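Visitor: I have a structure to look at today. Can you walk me through it?

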Amino acid sequence: MGDLMQLYSLDKPDLRDKPIRMTVPAPLSRKKQLFDAIKKQDVLLHHPYTAYTTVTEFIQAAARDPKVLAIKICLYRTGKDSRYPRR
């Protein structure tokens, strides 16, 4: 794998993948209507294509909502510089 990564250091931008552009799903584009959007339809979040802030904002909104009784989430991995580090 190390030998393969040497190719990445070459000055050949035409051989590299284009950077991933993260998006926010259209139904979730209005933050204030987050819960209304997911009541109307399912919304698939697919990281890294969906901005991860979409997930964290959803969790924060749920934490503030008095109607939410519990938040259950499974986080498989976080980065070293993550705002939500491993404990």
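Guide: Here is a short tour, from the overall fold down to single residues. Keep in mind that this model is predicted.

Visitor: Okay, what secondary structure does the chain have?
Guide: The chain has three helices and zero strands. Along the sequence the pattern reads α-α-α.

Visitor: And where is confidence lowest and highest?
Guide: Helix α1, residues 2-8, is lowest, with a mean pLDDT of 78. Helix α3, residues 52-64, is highest, at 85. For the chain, the mean is 79, and 83% of residues reach 70 or more.

Visitor: Why care about low values?
Guide: Where pLDDT is low, predicted coordinates should not be read in detail.

Visitor: New topic. How many of the residues count as buried?
Guide: Of 87 residues, 13% do. The chain exposes about 8,700 Å², and carbon and sulfur atoms supply 55% of that.

Visitor: Which residues form a nonpolar patch on the surface?
Guide: Met1, Leu4, Met5, Leu7, Tyr8 and Leu10. Together they have about 700 Å² of accessible area.

Visitor: Where does Leu10 sit?
Guide: Leu10 is in the loop between α1 and α2, and α2 spans 34-40.

Visitor: Why is Leu10 called partly exposed?
Guide: Because its relative accessibility is 42%. That falls between the cut-offs of 20% and 50%.

Visitor: Now Thr56, in helix α3. Buried or exposed?
Guide: Thr56 is buried, because its relative accessible area is 12%. The cut-off for buried is under 20%.

Visitor: What lies 3.1 Å from a polar atom of its side chain?
Guide: The backbone oxygen of Thr53 lies at that distance from the Thr56 side-chain atom.

Note on methods. Residues numbered from 1 in each chain as written. Predicted model: local features only at pLDDT ≥ 70, side-chain atom pairs only at ≥ 80, totals over all residues. Heavy atoms only, no water. pLDDT = per-residue confidence, 0-100. Helix = DSSP H or I, 4+ residues; strand = E, 2+ residues; numbered from the N terminus. Patch = residues over 30% accessible without salt bridge, like charges linked within 9 Å, V, L, I, M, F, W, Y side chains within 5 Å. Areas by Shrake-Rupley, 256 points an atom, 1.4 Å probe, with all protein chains shown as cover. Salt bridge = Lys/Arg side-chain N within 4 Å of Asp/Glu carboxyl O. Buried < 20%, exposed > 50% of the residue type's maximum accessible area, 1.4 Å probe, protein only. Polar contact = N/O pair within 3.5 Å; in protein donor to acceptor, adjacent residues only side chain to side chain.
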